[in-house]
Amino acid sequence: KTMKKYILPAALLIAASSAHATINVEAKDAYKAMLQINTFDEQGKLLKTGPAFFINNSGDAVAAYNLLKGAKRAEVVDYKGKRYAVFRILGANSNTDLVKFSTTGVSKNEFFTISTTAATQGTALTLLHFTQNKKDVMPQITVSKEVAYAPYSYYDISATNDSLNFNCPLIDAQGTLTAVVQRNAAKNATHACAVDARFINDLSINATAAFNSDLTSIAIPKALPQDRNNALSYIYMLSQADSVACMTAYNDFIDRYPTLPDGYTEKAKFKANRGLFAQSEADFATAIDKAKTSNDSSATKEDAIHYTMSNLIYKKIIEQGRDTLSNGWDLKRAEEEAVKAYAILPNALYKVQEGKCQYAEKDYKAAYESFSKACEDKNFASSETYFSAARSLELAKGDNKEVIALLDSCIAHIPAKSEAAYAQFYFERSQRLLKAERYRDAVSDYNHYEQLIGPRNLTEQFYYLRSQAEEKAHMYQQAIDDLHSAIAMSKQPVLYQIDEAALLLNIGETKSAIELAEKILKVLPENPDCYKIIGVGYAELKNKPLALKNLNKALELGDKSVAPLIEKYK
């Protein structure tokens with residue numbers, strides 16, 4: 001039903017000299033489309049009151065954004081005094097200060113039809129206030145200036161810049177909604193401005209509404225996007241911090257698409273995140289039943305729901321550091337759901353999920369087999385998959401050579417443009433290469449790791465580890481340089497200096513080794529390692545008295561490894 005159309009007498013269309021000049025609206029129905037909106041906070045305290053108005057015969061209405069911002073609940077009152085709850089937010093924009101919303105229980109309401117064209121300078125419009133008295137007369141105003149604001153317009157108007165006028169609709173002689181009055185923010189402004197009513201047509205909910213700050217600033221539940229795919233995306237992206245918004249959206253989706261499993265799946269995830277595991281289980285069961293019977297090719301399939309359930313149980317157990325959740329969900333159940341998913345559709349992702357569960361259960365052999373199976377899918381295999389297989393094999397006491405081979409594949413699958421994000425894999429391989437006594441290859445991986453991470457982001461421990469690998473690889477100068485780096489970064493450099501002295505002794509820099517050890521003794525006078533280094537150094541220099549003196553001191557301080565050397569040099 002459209003609002004009754006009316007033509008005002010020509011005499012009443014003459015612009016009055018005052019902004020508050022009035023006209024007698026003989027078309028009696030205009031005021032019936034007006035509303036008063038009351039907004040409330042979470043405790044039920046009244047926040048704001050202001051005008052609103054219907055824009056269709058389905059009970060959809062518009063008000064100012066500033067009236068609903070921060071509101072937890074809202075209601076509208078019509079000209080008869082009847083109250084209706086604001087049901088869903090249909091769109092909001094703080095820039096235009098407009099909100100569109102639906103109401104409940106409204107029928108056969110009068111409404112304004114939105115203009116399809118812009119008003120022009122000199123246009124006479126009627127400014128409507130909310131009233132329950134049909135005899136009230138409404139002021140006539142004129143458009144002083146039209147300013148294009150793509151794709152619509154803003155207007156300077158003759159109404160005073162008074163809060164009484166703000167957010168009120170402006171209609172033309174035919175009763176068409178042309179603009180909405182707004183405060184003129186210009187300094188010392190005496191006249192208000194107005195926003196083109198056509199902006200209302202752009203207010204909607206889309207897939208990204210879950211992140212729209214204008215919408216999230218209103219705590220009243222939002223409507224679902226009209227398009228199904230957008231509605232799906234919307235419920236996927238909702239922040240679960242707002243329980244009411246989430247449950248409303250999930251239930252709205254289920255009501256609109258009762259045969260699809262997606263609404264039940266999202267609700268199951270939400271329930272699990274709230275610790276309602278039994279309810280979550282029931283929703284997952286319903287989702288699986290819907291997936292089995294759905295003829296919709298784009299609906300979530302049964303295998304995907306089993307995987308989602310497996311992943312959710314797994315993550316919850318890992319997050320909470322528990323073996324079993326309250327309804328009996330455990331890692332074995334998570335593994336079973338992954339197995340069911342793979343049985344329906346042999347997707348490598350489901351094998352990885354199975355492997356993650358087995359790894360968490362410390363069944364490393366089974367985990368290795370699952371990750372290896374996933375690696376067979378060359379379109380799926382990634383650095384992470386190969387690393388998971390390598391780590392599982394290692395913990396299953398597998399051959400280190402096979403572990404290295406898997407790490408080789410891991411590094412070969414690193415995306416070229418994202419190599420820095422995978423630097424850790426080079427470090428991991430270096431450790432296994434050291435175990436295999438492939439010292440130069442280990443140093444090469446250390447070098448690559450340093451290049452990707454950047455020297456400024458490395459610690460003294462890194463340089464110490466690389467120096468050890470370099471010493472074993474007979475890369476002595478590099479080893480000394482890395483020890484110097486560790487010394488420069490350390491708060492306790494003397495410990496690394498002892499290693500440097502030992503290294504100097506091993507490479508034949510005997511005098512330098514003795515000098516450094518003697519220097520260290522000034523800081524650590526009871527250090528047996530230094531006495532051992534000095535003793536061996538003097539032995540190399542054929543000075544047995546000094547050699548024995550220092551070796552005996554090392555023995556006295558607890559280093560029993562020098563006993564054979566003492567016997568040798570007696």
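Two strands are said to pair if DSSP finds at least two bridges between them, and helices (H or I, at least four residues) and strands (E, at least two) are DSSP runs, numbered from the N terminus. This is a predicted model, in which local features need pLDDT of at least 70 and side-chain atom pairs count only at pLDDT 80 or more, while totals for chains, interfaces and linings use all residues. Residues are numbered from 1 along each chain as its sequence is written, and side-chain values use heavy atoms, with hydrogens and water left out.

**Exercise 1. The barrel**

Task: Determine the order in which the six strands close into a barrel, and follow the pairing from β2 through β5 and β6 to β7.

Solution: Begin with the overall order, which is β2-β3-β4-β7-β6-β5, with antiparallel pairing. Neighbouring strands of this sheet are turned against each other by 40 degrees on average, direction ignored, where the axes are lines fitted to C-alpha atoms (for helices over the stretch in contact) and angles run from 0 to 180 degrees between N-to-C directions.

Next, take β2 (residues 34-40) and β5 (residues 73-77), which pair in the antiparallel sense over five bridges; here glutamine 36 has valine 77 of β5 as its bridge partner.

Then move from β5 to β6 (residues 83-93), to which it is joined by three bridges, again antiparallel, with valine 76 standing opposite tyrosine 84 of β6. These two strands form a hairpin with five residues between them, and glycine 81 in the turn has a positive phi of about 90 degrees.

Finally, β6 is joined to β7 (residues 98-103) by six bridges in antiparallel fashion, and alanine 92 has valine 99 of β7 as its bridge partner. In this hairpin four residues lie between the strands, and aspartate 97 takes a positive phi near 55 degrees.

**Exercise 2. Helix α19**

Task: Describe the span of α19, its start, what follows it, and the surroundings of its buried residues.

Solution: First, α19 (residues 528-540) has 13 residues and reaches 18 Å from its first C-alpha to its last, close to the 18 Å expected, the expected span being 1.5 Å times one less than the number of residues.

Second, at the start of the helix, a side-chain oxygen of asparagine 527 comes within 3.1 Å of the backbone nitrogen of aspartate 529, whereas lysine 542, which follows α19, has a positive phi near 70 degrees.

Third, the buried residues (buried means under 20% relative accessible area, exposed over 50%, partly exposed in between, with a 1.4 Å probe and protein chains only) include Tyr531, Ile534 and Tyr538. Among the elements covering the buried residues of α19 are α17 (494-506), α18 (510-521), α20 (544-556) and α21 (563-569).

**Exercise 3. Cysteines**

Task: How many disulfides does a search of the whole structure find?

Solution: The search finds zero, a disulfide being a pair of cysteine sulfur atoms within 2.5 Å. Cysteine 357 takes part in none, since the nearest cysteine sulfur, that of cysteine 375, is 17 Å away; cysteine 357 is also buried, with a relative accessible area of 0%. For cysteine 410, the closest cysteine sulfur is in cysteine 375 at 9.4 Å, too far for a bond, and cysteine 410 is likewise buried at 0%.

**Exercise 4. Serine 144**

Task: Is serine 144 buried, partly exposed or exposed?

Solution: Serine 144, found in strand β9 (residues 138-149), is partly exposed, with a relative accessible area of 35%. Serine 144 and glycine 122 are 22 residues apart in sequence and 6.1 Å apart in space, C-alpha to C-alpha. Leaving aside neighbours within four places in sequence, serine 144 is in contact (heavy atoms within 4.5 Å) with Gln121, Asp156, Ile157 and Ser158.

How values were computed. A polar contact is a pair of N or O atoms within 3.5 Å; within protein, one must be able to donate a hydrogen and the other to accept it, and residues adjacent in sequence count only if both atoms are side-chain atoms.
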